[in-house]
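I opened the file and looked up a few places in the chain. My notes follow.

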Amino acid sequence: MGDRREELAAALAEVERRVEDACRAAGRSRSEITLIAVTKTYPASDVRLLAELGVSHVGENRDQEAAAKAAECAGLGLTWHFIGQLQSNKARSVVSYANMIHSVDRPRLVDALSREAVRAGREVDCLVQVGLGEGAGRGGAAPEEVPALAGLVAKAEGLRLRGVMAVAPLGEDPAAAFARLRAVAERVREEHPAADVISAGMSGDIPQAVMNGATHLRVGTALLGRRKLFVR
């Protein structure tokens, strides 16, 4: 466990250095950026170690894994982000632990999340996921559909519209993709001034995301290492 803690501490220090360099290049303050540790496929013990090292935001892609991990790490004061594509029938479970849902991409999901948030007596922060690539298979609403979808979230009981999220399409310059996302974010903010979150940027494109206004970075590989298939 001591070796793993040292490994994670070194990786976190390197990621922090990269974020600070990106902020300096963009003329931004480090305090404007929230770092989310994406811990999918890694055990709750890693989440605990990251929490000891000062990480307070954790992201997960799959409900089954996220629900179990959130329960195991209850009491650590963590903010849980659900960042994977979300089926409507998982809304009840995700609403039970997620503080922010990054992948709201269709009206039916807004309805399901609203219903479950009201039932649970919770208010859940939501981001509209923007699809930036053609047929990229990474989810997201078409950019022209985002303002209307954002309006639905803003009116939905139990939900708080906080902004937008996107994944840079594979094979495209992430800077160009994130510039398009920033334009969509600005349109949303014209109607909803409090929706100031831009969730963009992963391990490989931190500088491009920060340069284009990202407020939340979703970093997995650079923090936790390359994911391995579990072998029994």
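**Entry 1: a glycine in a loop**

I looked up Gly139, which counts as partly exposed because its relative accessibility is 27%. Here buried means under 20% relative accessible area, exposed means over 50%, and partly exposed lies in between (1.4 Å probe, protein chains only). I note that this is a predicted model in which local features need pLDDT of at least 70 and side-chain atom pairs count only at pLDDT 80 or more, while totals for chains, interfaces and linings use all residues. Residues are numbered from 1 along each chain as its sequence is written, and side-chain values use heavy atoms, with hydrogens and water left out.

I found Gly139 in the loop between β5 and α6. Helices (H or I, at least four residues) and strands (E, at least two) are DSSP runs, numbered from the N terminus. Leaving out residues up to four places away in sequence, Gly139 touches Gln85, Asp105, Gln129 and Gly131; contact means heavy atoms within 4.5 Å. I also checked Ser103: it is 36 residues from Gly139 in sequence, and the C-alpha atoms are 7.9 Å apart.

**Entry 2: strand β5**

Next I took β5, which is largely enclosed by the rest of the structure, because 6 of its 6 residues are buried. In a regular strand the side chains alternate between the two faces of the sheet. I listed Val124, Cys126 and Val128 on one side of β5, and Asp125, Leu127 and Gln129 on the other.

Two strands pair if DSSP finds at least two bridges between them. I found β4 and β5 running parallel, joined by 3 bridges. The chain goes from β4 through α5 to β5 in a right-handed β-α-β crossover. Right-handed means that, with the strands pointing away from the viewer, the path from the first strand over the helix to the second runs clockwise. On the other pairing, β5 and β6 are parallel and share 6 bridges; Cys126 has Leu161 in β6 as its bridge partner.

**Entry 3: helix α5**

I checked the length of α5 (residues 107–120): its 14 residues at 1.5 Å each should span 20 Å, and the end C-alpha atoms are 20 Å apart, which agrees. The expected span is 1.5 Å times one less than the number of residues. Buried residues in α5 include Leu109, Val110 and Leu113. Their cover includes α4 (91–97) and α6 (146–155). Just after α5, Gly121 has a positive phi of about 70 degrees.

**Entry 4: Thr41**

Thr41 also has a positive phi of about 70 degrees, although it is not a glycine. I placed Thr41 in the loop between β1 (34–38) and α2 (44–52).
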